[in-house]
Amino acid sequence: MWSDKESKIDFLNFNEIAESIKDIITEKELMPISVGVFGDWGAGKSTILELTAKALEQEDQDYIQIQFDAWTFQGYDDAKAALLETIAAQLVEAAAGDEKLLAKALDFAKRIDKVRFMGIIAEGAAALSGMPTFGAIQNFFGWASDATDDEDDLDFEDLQKGARELGKLDEKSKGLVKDKKKFSPPKEIREFRKSYISLLKAFEKPVIVYVDNLDRCLPENTISTLEAIRLFLFMPNTAFVVAADPDMIRLAIPHFHKGASARHQTDYLDKLIQIPVYVPKPGVAEVRAYLIMLIAQDRKIPEREFNRLRQELEDSLKFSWKQEKVSIDDLLERCALNSLPELREEFKIAEQLALILAESANINGNPRIVKRLLNQIKMRRKTAHRRGMQLDERTITKLVIFERCMGIQATNKLYELIDTENGKPALIAELENSDKEIDEITLPDEWKHDLSFLVKWSQLQPKFTDIDLTAAAYLSRQNIPMGAVNSVMSGAAQVLLEGLIKQKTKVSKASDDLLGKAAAEEYVSVMDALVDHLRQIDDWQRETPGIYGAWKLAKHDERCKDIFLAAARKAPKKRWLSSIIKELEGAK
């Protein structure tokens, strides 16, 4: 099985991206700097962060590298302070053994406690007054980037004015703000920055902070973490490398900036991230290399041979602009391995699968989805072996790919044909062997939403024409329910599914936001789960949970429209449902 975690080994030529980021953050003239590693869920952002950290370890210059996983602190009451405290803890640890350095690090840690306290005051006051807290926190953090050493302290009268805007301070803050000497936010922020700058001068080492999994967090945690980063912007010898889906960050901003326009959302991100680096979508060559290396890893090939394979594939990808890709036989030519013919066969299968995995709209070469599909195949193969089923792994693979790319309803139709035609559907034989164009073949409604995939899939080996698929269908059917779909869904897609099931009207701003957060290649899986949910309800009504959510997704995506229409046409006839069907049939 393959872990779903980020990898420290490069299978997709991400080293080139990591080296580019390393070059940026090691350029002293560019410090301080913030770099954004942008990409969809599962695209490989976390792996790029790992590879960048690994590349920095090879440098002559020493660096203090700090890893921060925003999702780890999801749900904590004061998650916004988690980044500050993580940085402080790492710096204190790095200072251990040097008394003077440790004293500076502890002083910095104390400054963070004061900054954190200011956030508590602001939020307490806002909560009592019923106001959103973001503006208050932002004002405190705004002072951080605007404050200079020669600014006058903000006196108590100024602070009172700000307090009146928030509402009455709660009991917790009474007695704490007595005069400007005891509590002056701009002064505390300046002291915080002075302490940090002094500490870094003493270290004589740059600090690199890697922030990961922002796009898994709720909007408030996402923005709070970004606001905490602002405290460190423009501070010397510091770099932030932030991995996130930029669209999800933009969607989080309006939760705090009410009425923020698209331009405001873009401006916010542009001001925070100085250099964006986008993770490229893997093409056929990259997916081929990725599959080969995953197989080699699973086979536990000796380290020397494993590294040689990886290096040859990486070189092949690097120079693909001027030369043919390295062949499977050339890769294995110098390998001194047992079972070489079996390994060659597996690599050949990977080569054949690469095209469909890279180009399918429901996979798009996404490394995480590819890995999860392989894990499903391996689990089914083991189950088949335990049950004494003589199933070829390629047969299981071909069916798993159909399920993922065509969806539950189309897969159920396939297995219905297998059941009624003694394991050998005539339609499959026609697809695999006919000279007809795909649109000349009579297909079930459930299969019509992705004809280009059907053409490519029908040519995958093995051909099913003369194979009895009864056992394969029996095995696969046990893996079709919603749980299996969710196992390859991202968190954003599962949240979308839950939101669409709860939608009670045609117009839903919440659902619009969720649609923007989920990747388009996951829409079919979400629609399949919605339809599966609706099939469990005997009598559809307008208020049936999921009806309007399915309608919205159908309006949003052509593939999903075909899937929903196929289910809706088979539902009991109702005037309101007929109206929805006609509306979707007329939509272009």
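## A buried ring pair

Phenylalanine 192 has a relative accessibility of 0% and counts as buried. The model is a predicted one. Phenylalanine 232 is likewise buried, its relative accessible area being 1%. The ring centres of phenylalanine 192 and phenylalanine 232 are 5.6 Å apart with planes at 70°, so this pair is edge-to-face. The two residues belong to distant parts of the chain, 40 residues apart: phenylalanine 192 is in helix H7 (residues 185–203), while phenylalanine 232 is in the loop between helix H8 (219–230) and strand E4 (238–244).

Ring pairs extend this arrangement into a cluster made up of Phe108, Phe192, Tyr196, Phe232 and Phe240.

## The sheet and its helices

An open sheet is formed by 5 strands in the order E2-E3-E4-E1-E5, with parallel pairing. Strand E2 (64–69) and E5 have a single partner strand each and stand at the edges, so one side of each lacks a neighbour in the sheet. On average, neighbouring strands are turned by 15° against each other, direction ignored.

Two helices meet this sheet. Helix H1 (residues 15–25) lies across E1, strand E3 (207–212), E4 and E5, and runs at about 165° to E1. Helix H2 (residues 45–57) touches E1, E2, E3 and E4, and its direction makes about 165° with that of E3.

## Where E1 meets E5

Strands E1 and E5 run parallel and are joined by 4 bridges. Phenylalanine 38 has tyrosine 278 as its bridge partner in E5.

By the ring-pair rule, the model holds 13 aromatic pairs. In one of them, the rings of phenylalanine 38 and tyrosine 278 have centres 5.5 Å apart and planes at 65°, so the pair is edge-to-face. It links strand E1 (residues 33–38) to strand E5 (residues 275–278), across 240 residues. Phenylalanine 38 is buried, at 3% relative accessible area, whereas tyrosine 278 counts as exposed, at 52% relative accessibility.

## Nonpolar cores

In soluble globular proteins, nonpolar side chains tend to be buried together. Here the largest nonpolar core has 93 residues, and Ile25, Leu357 and Trp447 have the most contacts inside it. Among the residues that leucine 357 touches, beyond four places away in sequence, are Val287, Leu291, Ile363 and Ile401. A second, separate core has 46 residues, including Leu199, Cys217, Ala228 and Leu269.

## A lysine over two rings

Lysine 398 lies over the face of tryptophan 457, 4.9 Å from the ring centre. The charged end of lysine 398 also sits over the ring of phenylalanine 464, at 4.5 Å from its centre.

Conventions: Residues numbered from 1 in each chain as written. Predicted model: local features only at pLDDT ≥ 70, side-chain atom pairs only at ≥ 80, totals over all residues. Heavy atoms only, no water. Phe/Tyr/Trp six-rings, centres within 6.5 Å; stacked < 30°, edge-to-face > 60°. Buried < 20%, exposed > 50% of the residue type's maximum accessible area, 1.4 Å probe, protein only. Lys NZ or Arg CZ within 6 Å of the ring centre and 35° of its normal. Core = buried A, V, L, I, M, F, W, Y, C linked by side-chain atoms within 4.5 Å. Contact = heavy atoms within 4.5 Å. Pairing = 2+ DSSP bridges. Axes fitted to C-alpha atoms, helices over the stretch in contact; angles between N-to-C directions.
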